[in-house]
Amino acid sequence: MSDTSSPIDQTAAMLNEPVLVVKDLKTHFAVAAGSVKAVDGVSFSINRGRTLGIVGESGSGKTVLARSIMGLNVASNATTTGSVLYRGRELVGTPPKEMKELWGSEMAMVFQDPMTSLNPVVKVGRQLTEHMRAHLDYSKTEARHSAIELLRSVRIPEPEARFDNYPHEMSGGMRQRVCIAIALACGPMVLFADEPTTALDVTVQHQILNLMAQQQRDRHMTMILVTHDLGVVAGRADEIAVMYAGKVVEKAPTGPLFTNMRHPYTEALFRSIPKTSQAAHTRLAAIAGRPPDLIEPPQGCKFSPRCPYAQERCRDEEPELQIATDPGHAFACHFPVGTEENRRAYESNLAAGLPQTLAVAGRMQATEEVTG
Ligand SMILES: Nc1ncnc2c1ncn2[C@@H]1O[C@H](COP(=O)(O)OP(=O)(O)OP(=O)(O)O)[C@@H](O)[C@H]1O
Ligand SMILES: [Mg+2]
């Protein structure tokens, strides 16, 4: 049957295509003390051209998740189970040799530190062209021409001259642009960006994030933006998944996540974003308590030992992800933020002598509600 739909319909259909469907993905590492449950049952789906932000504090499993999806978890002590469908094709259990064919041309990753992903003794131009020649069957001249155009598109000034630079001859921001160019070189469908800007100063950070967003729009790429900073994904991601101890504890379109956050951990992350209204040098609220042990995680809700609202039920029974009233929003909490039960839980904890750090964390929220 011939396709008689209009170009607009075709574009809409293309953008409705689920590119990645992840179901109950787990990656555990066997160590002497037991099993590190770094990713412990993550599910999500993301369409073509969309951006998913994955947010969580250090050790919550963001990098292991991204690497598990790409099949890059080559540690011999790792076991990955569950399902990752990439455009309908199952990737979990696919042999590394077959996965390698997807790297670069279908999925690519920009890492946190450009120095670890660039080879310090090879000129940047050659690092780009090698990549293209391996995947795209380009001649030397074609690859050089494309590499220079790509360097131009990521706004490297004088790309013809920079082509012959070694990485150490470039600034940090420029090196990160080269890494983005390498990731884009073979036209991937999905771009993973794992904390791509943490090593850079704030102005360069914004430039790099904007550049990636522009490249994403131009190429209809799907992007997974991994960061510990909710501020980085605000306005950049269509949807946000908040990770805690290897699980997604809240997931929502970006707007509702910020205006109607339900999980106390999301609220704590939100409080740790610098506010423009704050005076310079104001100390940010750190999240009270320590990240959980991933070998023997706390019983019940894994956030309960650090949560100012936790009740007996939270320590006994792990909450399932439940659907909120707004579309696409889900959270895993027995006493969600913004409810009467949540307020009562906090008051009863305070009356029972909540540890100082948690009480302060909760009170900050109460004050913000009053003054905000
Ligand atoms: N090969 C390994 N063996 C054992 N544990 C591991 C291994 N690789 C990662 N881990 C553990 O898995 C957990 C999740 O690590 P991951 O790097 O995904 O965290 P993250 O959220 O990316 O943190 P960050 O923000 O610091 O980058 C950590 O506790 C880490 O120590
Ligand atoms: Mg990481």
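A residue is counted as near a molecule when one of its heavy atoms lies within 4 Å of that molecule. By this criterion 15 residues surround ligand 1 in the predicted model, and the closest of them are Ser 58, Gly 59, Lys 62, Thr 63 and Val 64. Because the model is predicted, local features are reported only at pLDDT of at least 70 and side-chain atom pairs only at pLDDT 80 or more, whereas totals for chains, interfaces and linings use all residues. Residues are numbered from 1 along each chain as its sequence is written, chains are lettered from A and ligands numbered from 1 in the order in which they are written, and side-chain values use heavy atoms, with hydrogens and water left out.

Several polar pairs, judged by a limit of 3.5 Å between N or O atoms (within protein, one atom must be able to donate a hydrogen and the other to accept it, and residues adjacent in sequence count only if both atoms are side-chain atoms), link the ligand to the protein. An oxygen atom of ligand 1 lies 2.8 Å from an N or O atom in the side chain of Thr 63, and an oxygen atom of the ligand is 3.2 Å from a polar backbone atom of Ser 60. A nitrogen atom of ligand 1 is 3.3 Å from an N or O atom in the side chain of Asn 77. Taken alone, ligand 1 exposes 640 Å², of which the protein buries 66%, with accessible areas computed by the Shrake-Rupley method and a 1.4 Å probe (for residues, only the protein chains shown count as cover).

Helices (H or I, at least four residues) and strands (E, at least two) are DSSP runs numbered from the N terminus, and the protein chain has 15 helices and 12 strands. Helix H2 gives the most to the shell around ligand 1, with three residues. By class, this shell has six nonpolar, six polar and three charged residues, where Ala, Val, Leu, Ile, Met, Phe, Trp, Tyr, Cys and Pro count as nonpolar, Asp, Glu, Lys and Arg as charged, and the others, Gly among them, as polar.

Arg 177, which lies in helix H8 (residues 172–184), counts as buried because its relative accessible area is 9%. The side chains of Arg 177 and Gln 207 are joined by a polar contact of 3.0 Å. Beyond its neighbours within four places in sequence, Arg 177 is in contact (heavy atoms within 4.5 Å) with Val 154, Arg 155, Ile 156, Gln 207, Ile 208 and Leu 211.

Asp 24, with a phi of about 45 degrees, lies in strand S1 and counts as partly exposed at 42% relative accessibility. Cys 314 is in no disulfide, as the nearest cysteine sulfur, that of Cys 301, is 6.3 Å away.

Technical notes: Buried < 20%, exposed > 50% of the residue type's maximum accessible area, 1.4 Å probe, protein only. Disulfide = S-S within 2.5 Å.
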